[in-house]
Amino acid sequence: MAKLRVHNITMSLDGFMAGRDQTADAPMGVGTDKLHSWVFDTKFGRAMIGQDGGSEGLDNDYLERGDDGVGATIMGRNMFGPIRDEWDDSGWQGWWGDTPPYGHPVFVLTHYPRDPLPMKGGTTFNFVDDGIHRALEQAFDAADGADVRLGGGASAIRQYLAAGLVDELHLVISPVVIGGGERIFDGLDAGWPAGFEVAEFVPSETVTHAVLRKV
């Protein structure tokens, strides 16, 4: 049976997934410059931004697992871009340039309708303005039997966790301190997703990987 999976979600030592004051110039907020540096040290991470080289090994393996068997992605509007409220006429097409690294349909949660946005490389951004359940239904249909990946940000992940819809959650704990911003588990009962167990807890040379699975 197809699953909803969350992969490679990096959080700081003090529990923040994003910092304060997110803008177009600082999409992850203040103090997050080194939060995802582990990604771009790897072969997978460098290939994602069109660069050669990079390390293989544990971190690279976890990044690759996040793509295996995935046929569609869901993301929150803040992950797609910095525009708030009604869509403007800026022509914003996401953070990833003309060829986003997805290569499959992506469903963006929003309160405001927008026409689908086809991009190079097989990615089409679809904008869903009637809730998380409808977005998941569309994503499973588009994935055609494959799993669906929930890409973030923190608010989108919290909504799906609170609704009991996530099957697997892979967190990456990075040795940085941000000091404020968005925490992934804020607002959940007992501060933790109910019905999960820690299935993997593995340190690499740079970060620690924790995989939570529904029991």
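This is a predicted model: local features need pLDDT of at least 70, side-chain atom pairs count only at pLDDT 80 or more; totals for chains, interfaces and linings use all residues.
## Helix α3 and its buried face

In helix α3, which spans residues 58-65, the buried residues are D59, N60, Y62 and L63. Looking down the axis of α3, these buried residues fall within an arc of 160°, so they line one face of the helix.

## The nonpolar cores

Let us turn to the largest nonpolar core, which has 31 residues. Within this core, I74, L150 and Y160 touch the most other members. The elements that each supply at least two of its residues are the strands β1 (4-11), β3 (70-76), β4 (105-109), β7 (147-150), β8 (168-173) and β11 (208-214), together with the helices α5 (132-143) and α6 (154-162). Another core, of ten residues, lies apart from it, and F80, Y102, F125 and F127 are among its members.

Leaving out residues up to four places away in sequence, Y160 touches L4, I74, L109, I132, A135, L136, L150, L165 and V166.

## L161 in helix α6

L161 has its place in helix α6. Is this residue buried or exposed? L161 has a relative accessible area of 9%, below the 20% cut-off, so it counts as buried.

Residues up to four places away in sequence aside, the contacts of L161 are V166, L169, F185, L188, P193 and F196.

## H170 and N8

Strand β8 holds H170, which counts as buried because its relative accessibility is 1%, under the 20% limit. Which residues does H170 contact, once its neighbours within four places in sequence are left aside? They are V6, H7, N8, I9, Y62, H209, A210 and V211. One of these, Y62, is also a buried residue of α3.

N8, another contact of H170, lies in strand β1. With a relative accessible area of 17%, N8 is buried too. Its backbone deserves a look: phi of N8 is near 60°, a positive value in a residue other than glycine.

## Other backbone details

Phi of D85 is likewise near 60°, positive in a residue other than glycine. D85 sits in the loop between α4 (77-80) and β4. In contrast to the buried N8, D85 is exposed because its relative accessibility of 53% is over 50%.

Where is the cis peptide bond involving G153? This bond runs from G152 to G153, with omega near 0°. G153 is found in the loop between β7 and α6.

Rolling a probe the size of a water molecule over the atoms shows where empty space is left. In this model, the count comes to one cavity of 30 Å³ or more, and the largest cavity has a volume of about 30 Å³.

Its lining is made up of Q22, T23, P27, N78, G81, P82, R84 and W95. Sorted by class, the lining has three nonpolar, four polar and one charged residues.

Definitions and conventions. Residues are numbered from 1 along each chain as its sequence is written. Side-chain values use heavy atoms; hydrogens and water are left out. On a 1 Å grid over the protein atoms alone, a cavity is a set of points where a 1.4 Å probe fits but cannot get out, and a pocket is an open set with protein on both sides within 12 Å along at least five of seven lines; lining residues have an atom within 4 Å of a point. Grid points are joined across faces, edges and corners, and a volume is the space filled by probe spheres set on the points. Ala, Val, Leu, Ile, Met, Phe, Trp, Tyr, Cys and Pro count as nonpolar, Asp, Glu, Lys and Arg as charged, and the others, Gly among them, as polar. A nonpolar core is a set of buried Ala, Val, Leu, Ile, Met, Phe, Trp, Tyr and Cys residues joined through side-chain atoms within 4.5 Å. Buried means under 20% relative accessible area, exposed over 50%, partly exposed in between (1.4 Å probe, protein chains only). Helices (H or I, at least four residues) and strands (E, at least two) are DSSP runs, numbered from the N terminus. Contact means heavy atoms within 4.5 Å. The arc is that of the directions from the helix axis to the C-beta atoms.
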